[in-house]
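Please open the structure in the viewer and keep the selection tool at hand.

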Amino acid sequence: MKSLNISPMPEQNLEQKINAIRSEAETSFKTATTSRDLYDLKVKFLGKTGSFSVIMKDLSSLSAAEKPLAGKLVNEAKQALESVYQVCETNLKQRELDEKLKSETLDLTLPGVPAPLGAQHPVSLVTEEISMILSRMGYSIRTGPIIETDRNNFEGLNVPKDHPARDMQDTFYIDESHVLRTHTSPIQVRTFENEKPPLRIAAPGSVFRSDSDVSHSPNFHQIEGICIDRNVSMADLKGTITYFVGEFFGKGLKTRFRPSFFPFTEPSAEVDCQCAVCKGKGCRMCGDSGWVEIGGSGLIHPNVLSFSGLDPKEWQGFAFGFGIERMAIIKYGINDIRLFSENNVRFLEQFAT
Ligand code: DAH
């Protein structure tokens with residue numbers, strides 16, 4: 001190839017200069033250790049303001065006869081370098097990918113880190129379980145409002161104004177005719193007035209009484225059970241409750257019914273069940289008696305039925321109202337009712353399932 005000589009570097013002709021740059025670039029490309037460095041080198045040698053662009057400027061001083069040869073040399077060098085670059089880039093990228101995959105390898109045999117899970121509140125847990133049991137027994141779930149009329153909370157349940165039975169429950173009055181419901185029994189009145197018998201209804205909910213100590217909270221929960229049909233007797237009530245208690249606390253626990261008084265039932269009975277902690281032997285939980293009270297029950301008073309338009313000669317019914325916290329206390333051996341409302345995580349997380 002004919003040698004070319006251009007100023008301002010008379011000591012090296014153009015061909016030598018091109019070859020020198022070409023071999024410097026080739027060596028640099030081959031020794032680059034990262035694809036980022038390699039790219040920077042490409043810019044340095046082949047970029048717009050790179051070494052070859054500077055050379056191209058020198059070409060302008062050549063004669064018209066010399067220019068094509070010089071241009072050809074530059075192009076050849078650039079093309080050769082471009083392919084060296086491609087090979088080096090492919091190799092480096094593959095190496096980088098291999099290293100990345102190696103450092104990010106997952107060991108699928110390692111035990112997982114368990115995600116912390118919340119737990120259902122024991123009141124929700126017990127409410128849900130009781131509702132499930134009663135649903136399986138043919139009861140439908142209903143709810144009522146927390147702010148109730150005096151009429152539904154008392155009058156419709158055979159507790160007229162100034163009746164001494166009102167003293168059984170310390171009531172939070174909203175105004176003359178509205179209260180924070182003191183029990184779930186007003187859902188009886190709502191149901192009788194809106195649905196046609198025969199009926200089997202279970203109604204869980206929050207209730208309020210102006211009362212607070214170790215065993216009483218101003219806000220607690222009850223579940224009301226209501227059954228209306230023809231020829232309903234105390235035997236149906238006892239059979240239903242005994243079966244329900246066995247499902248909730250465990251089969252084999254006996255129930256007993258103590259005569260009591262509620263204005264909305266006649267006869268009325270308090271329901272005790274054998275202590276689930278000691279199975280009736282006697283322990284701290286049941287005050288050594290072997291029995292714990294879970295709520296009230298009875299045959300629905302004819303006045304309650306007729307108040308809501310049901311003929312007591314045609315329809316009879318039984319009802320029961322159980323304390324949900326009480327049932328949770330007995331089932332889980334909880335010793336202080338205030339634990340239910342303190343939101344202590346160490347207490348609550350024990351109910352994680
Ligand atoms: N409502 C009563 C209370 O809160 C509990 C109760 C007793 C509910 C007898 C009933 C019942 O349905 O028949 O103390």
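How far does a polar side-chain atom of Ser 185 lie from a nitrogen atom of the ligand? In this predicted model, the distance is 2.9 Å.

Next, select the ligand together with its surroundings. The residues around the ligand number 16, and the closest are His 183, Ser 185, Arg 209, Gln 222 and Glu 224. On Glu 224, an N or O atom of the side chain is 2.6 Å from an oxygen atom of the ligand. Phe 320 takes part through its backbone, where an N or O atom lies 3.4 Å from a ligand oxygen atom. Of the 350 Å² of accessible area that the ligand has on its own, the protein covers 93%.

Now display the strands. An open sheet is formed by 7 strands in the order E1-E5-E6-E10-E9-E8-E7, with mixed pairing. E1 (140-141) and E7 each have a single partner strand, so one side of each is left without a neighbour in the sheet. Zoom in on E1 and strand E5 (residues 199-208): the two run parallel and are joined by 2 bridges. Here Ile 141 stands opposite Ala 202 in E5.

Finally, select helix H8, residues 234-249. Its 16 residues reach 22 Å from the first C-alpha to the last, close to the 22 Å expected. Among the buried residues of H8 are Leu 237, Ile 241, Phe 244 and Phe 248. The cover over the buried residues of H8 includes helix H5 (122-136), strand E7 (255-262) and helix H10 (324-332). Gly 250 follows H8, and its phi is positive, near 125 degrees.

Notes. Residues numbered from 1 in each chain as written. Predicted model: local features only at pLDDT ≥ 70, side-chain atom pairs only at ≥ 80, totals over all residues. Heavy atoms only, no water. Helix = DSSP H or I, 4+ residues; strand = E, 2+ residues; numbered from the N terminus. Expected span 1.5 Å × (residues − 1). Buried < 20%, exposed > 50% of the residue type's maximum accessible area, 1.4 Å probe, protein only. Contact = heavy atoms within 4.5 Å. Near = heavy atom within 4 Å. Polar contact = N/O pair within 3.5 Å; in protein donor to acceptor, adjacent residues only side chain to side chain. Areas by Shrake-Rupley, 256 points an atom, 1.4 Å probe, with all protein chains shown as cover. Pairing = 2+ DSSP bridges.
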